[in-house]
Structure formats: structure tokens, C-alpha cells
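Let's take a walk through this model together, going from its strands to its core and then to its charged pairs. Please keep the sequence and the 3D view open as you read.

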Amino acid sequence: ILEILGSVGCCIVGQTETLVPADRVLYDLRDATSTVNSLPLITASILSKKGAESLSALVLDVKFGRAALYKDLDSARELAQSLVHAGNLLGMRTAAALSCMDAVIGRCVGNSLEVMESLETLKGRGPEDLMELVTTLGGLLLQMTGSVSDPSEGKRKISHAVIGGAALSKFQAMMEAQGVANETARSLCSAHSDYYSVLRKAEYQMELKTPTDGEVLEVDGLALAEVLHKLGAGRSKVGEPVNHSTGAELLVSLGQRVSKGASWLRLHFETPRPTADQIARLQGALTVGSNTHTHTHTLVRELLVPQ
């Protein structure tokens, strides 16, 4: 890890039996004692790993909303304040963004589909809400490390790195350094990549139609996630298989005008096939109507920064 950080500047890692092993043991104890949702223990679990890395600055994305652990802004703010306070006491300049997760972030849900969307975003073709989140978090981190004077300048730098291709080049270099075959990394990062030559494509696709004319007011991200979980996109226990090809693509965005019978969701699935009840649940996730109030659909609602 240190070698890759020195040569490339970034890497992606996960918990293993030899990397932060105590955290897994403590989580199992929290599960057994019904303290998984304990605010102090959540804070300790998140920040102990960050503290072990000797970070100089840290930005945390704390979600709230229908599809998040915390359903309302106030409870998410309580966690964010705890994290920011404890992180700064540990000597890390720590900040948090409070971002809404009522609906899907971006357009895709599911393992392979989200990888593809991430790569498309790195190629400058990402959805606006995802880019908002990336530039806000990245811009704040640049300011906290002293690379820029304010978050707005940081957001511009992050946007330029994505649109200009520097972020994609860095991602390709990181993949290769972490063991991805050079040919595979080049294929995924090429301008006109055939993603399904590398990533598995689901055997079946189905498009759901809008029930009426109107404006897209809501898309219930939790309903989509729960149905996709049952179709194999997630697991309930460690060791259970995951079908990486299962997922869904949103074909509309919040605030968009749609006509009755237009496709609004493309479902990717294999076995088990979706039941009639699951399809009805997915259709119920979409709310189409008339909106008399004009507003922008921003994800980041608040920033908590060190004093």
C-alpha cells in the first residue's frame, strides 16, 4: 500500500484479516449486543481506521434520507458533529458534508452498472448530481490541505481534473498498480470502452413505463435498493454470493417532464426473475405529478468544517 501511495498517490483498500482486524471483531460484538447503531461506537469505528492512517485532513460524506441509515437531517447532523469533533481531537483536520439520499445518486444502482457510471463520470460524462458531490467533497478537501484558498476554487480544480482527463489517468495508473492487467485497465479507461467485454452483462433487461404525464417528483431509492437486493445485487450475510450484473438504470431525472408510457427505468436481472409484486414495488417508487414550486435538486445540504 505504501509503495503504491508513493508511486501513484492513491489506492483503494478494504478490511481484511490482517488490515484493521480488531474493527471486525468489535463490529461482531456490537451486532451481538444490539449496539450497531450506537453513535459513540460508530464514531470510534470510522475514525479509528482514519487515525491509524495518520491523515492530515479528512472529509466525510454523511448521508441522510429515505435510502440512508439516518432518515432525517437532524440525526445525520448529530453523527457528523460527533465525527468532526472526534477527528479534530485526534489531530486530523476533519470536515463533513451532509448529503441527501432520498433518491438514487446518479443514474445507476448495482455493482457493474455503478462501476460503468463511475468510469463515465471520470471521462467527463457523469450525471450532474454525482459531479456535484464529487466536486464539493474534493474541493473542500483541497482547501483543508491548503492546496486552494476556498472551496469554490477547489471545486473548479476538481472539475477540471475530471473533465480534462487527469483523474481518469490517475485511476488507470492506480488499477494497474493494484494488479489489474494493463490491457483491461486501458480498455475500461478508453474513450469508447465496451464495458461488457470486461464486466458481466445481465441476461435479461426490462423497461418500466411511466403511468401518466407530468413531472418526475420523486424516485424512492430505498424501494429500488430493496428489490435489487432480493434479485441478487446485494447480500444479507458475509459469504453470500452477489450477482454483479443485477441492477437498474434510471432513464429520467428529478424535475424532468415525461409523457405517459415513456421508459423510466431499465431493470437488469437474471435469476431469480422479478415477481409481479416486485415490479409493482418498483413502479411505486416513481412519483409523477405537477410541481408548483421551482427548486434545484442539490444533494449537499450542509457542510460542517473545523473551527
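**Strands, core and salt bridges**

Strands β6 and β8 pair in the antiparallel sense over four bridges; pairing here requires that DSSP find at least two bridges between two strands. Helices (H or I, at least four residues) and strands (E, at least two) are DSSP runs, numbered from the N terminus. Before going further, please note that this is a predicted model, in which local features need pLDDT of at least 70 and side-chain atom pairs count only at pLDDT 80 or more, while totals for chains, interfaces and linings use all residues. Residues are numbered from 1 along each chain as its sequence is written, and side-chain values use heavy atoms, with hydrogens and water left out.

Strand β8 also runs antiparallel to β4 (residues 204–209), joined to it by six bridges. Within this pairing, Leu208 has Leu265 of β8 as its bridge partner. Five of the seven residues of β8 are buried, so the strand is mostly covered; buried means under 20% relative accessible area, exposed over 50%, and partly exposed in between (1.4 Å probe, protein chains only).

Leu265 leads us into the core. The largest nonpolar core has 24 residues, and Val219, Leu224, Trp264, Leu265, Leu267 and Leu282 have the most contacts inside it. Such a core is a set of buried Ala, Val, Leu, Ile, Met, Phe, Trp, Tyr and Cys residues joined through side-chain atoms within 4.5 Å. At least two residues of this core come from each of β5 (214–219), α10 (221–233), β6 (247–250), β8 (263–269) and β9 (286–289). The largest share, six residues, is supplied by α10. Apart from this core lies another, of 17 residues, including Tyr70 and Met92.

Now for the charged side chains. Eleven salt bridges are counted, each being a side-chain nitrogen of Lys or Arg within 4 Å of a carboxyl oxygen of Asp or Glu. Glu249, which stands opposite Arg266 in β8, also meets Arg266 in a salt bridge (3.1 Å, N to O). Glu249 lies in strand β6 and Arg266 in strand β8, so the pair ties together parts that are 17 residues apart in sequence. Arg266 is partly exposed, at 24% relative accessible area. Together with Glu207 and Lys209, these two residues are linked in a network of salt bridges.

Another pair to look up is Glu218 and Arg66, whose closest N and O atoms are 3.3 Å apart. Glu218 sits in strand β5 and Arg66 in the loop between β1 (57–64) and α4 (73–89), 152 residues apart.
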